[in-house]
Amino acid sequence: MVNAPLFVHHVIFPVFMFYSFPPLLGFASLANLLIDMLVFILAIKFFSIPVAWRQGLNMFISLWLIGLVADVAGSLFLTFTGAISLKMKTNLVNYFSIYASPTSILFFILAVVLSGFIIYWLDRLYLSGPLSKKQAARVALVFAFLTAPYTFLIPTSWIY
């Protein structure tokens with residue numbers, strides 16, 4: 001058995017929590033599902049995009065899964081930043097109180113922006129098949145802006 005040091009970070013949507021508490025993945029997925037459903041319905045209605053029920057369901061599920069992948073990517077970015085910070089013996093990211101230093105704030109904002117960019121890019125890429133390029137870009141932009149993981153900006157010190 002390999003004995004490796006384990007470090008745990010305090011982030012709202014942390015990767016380590018899914019290993020420790022698997023029901024959190026279900027809770028986070030369900031919350032994302034409800035938010036994405038609302039955003040999808042509003043975007044389709046607002047941009048007057050005619051979508052068949054079955055096609056709309058397929059598009060919605062795909063957009064939801066893309067959002068989950070983007071959230072995990074942002075969480076991994078924060079986790080790797082913390083790991084690099086530990087190796088360099090600096091405090092780039094403060095997981096307990098993210099507003100404690102400007103660098104911590106910057107890295108958390110970068111994680112949200114990175115996730116939003118991934119959402120936009122993958123959603124636009126996926127939606128350009130069933131929708132026109134203009135419609136795909138609009139819906140992807142709405143999804144990127146409204147479904148980015150803003151919960152990263154809530155410090156755990158407010159919760160615990």
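**Close-up views of a predicted model**

View 1. Look for L34 in helix α2, which covers residues 23-46. With a relative accessible area of 52%, L34 is exposed, because exposed means over 50%.

**View 2. The largest nonpolar core.** Here we turn to the largest nonpolar core, a set of 17 residues. The residues with the most contacts inside this core are F40, M59, L127, L131, V139 and F143. Helices α2, α3 (53-88), α4 and α5 (133-146) each contribute at least two of the core residues. For a closer look, take L127: apart from neighbours within four places in sequence, L127 touches M59, L63, A136, V139 and A140.

View 3. Is S115 buried or exposed? S115 has a relative accessible area of 0%, so this serine is buried. S115 sits in helix α4, which spans residues 102-127. Setting aside neighbours within four places in sequence, the contacts of S115 are A70, D71, G74, P149 and F152.

**View 4. The aromatic pair F40 and F60.** Searching the whole structure turns up three aromatic pairs, and this view shows one made by F40 and F60. The ring centres of F40 and F60 lie 6.1 Å apart and the planes meet at 45 degrees, so the pair counts as tilted. The pair links distant parts of the chain, with F40 in helix α2 and F60 in helix α3, 20 residues apart. F40 is buried, at a relative accessible area of 8%, and F60 is buried, also with a value of 8%. You have met F40 already, among the residues with the most contacts inside the largest core.

**View 5. The aromatic pair F77 and F107.** This pair is tilted too, with 6.2 Å from centre to centre and 40 degrees between the planes. F77 in helix α3 and F107 in helix α4 are 30 residues apart, and the pair links distant parts of the chain. How do the two partners sit relative to the surface? F77 is partly exposed, with a relative accessible area of 25%, whereas F107 is buried at 19%. The two get these labels because buried means under 20% and partly exposed lies between that and 50%.

Conventions
Residues are numbered from 1 along each chain as its sequence is written. This is a predicted model: local features need pLDDT of at least 70, side-chain atom pairs count only at pLDDT 80 or more; totals for chains, interfaces and linings use all residues. Side-chain values use heavy atoms; hydrogens and water are left out. Helices (H or I, at least four residues) and strands (E, at least two) are DSSP runs, numbered from the N terminus. Buried means under 20% relative accessible area, exposed over 50%, partly exposed in between (1.4 Å probe, protein chains only). Contact means heavy atoms within 4.5 Å. A nonpolar core is a set of buried Ala, Val, Leu, Ile, Met, Phe, Trp, Tyr and Cys residues joined through side-chain atoms within 4.5 Å. Rings of Phe, Tyr and Trp (its six-membered ring) pair if their centres lie within 6.5 Å; planes under 30 degrees apart count as stacked, over 60 as edge-to-face and the rest as tilted.
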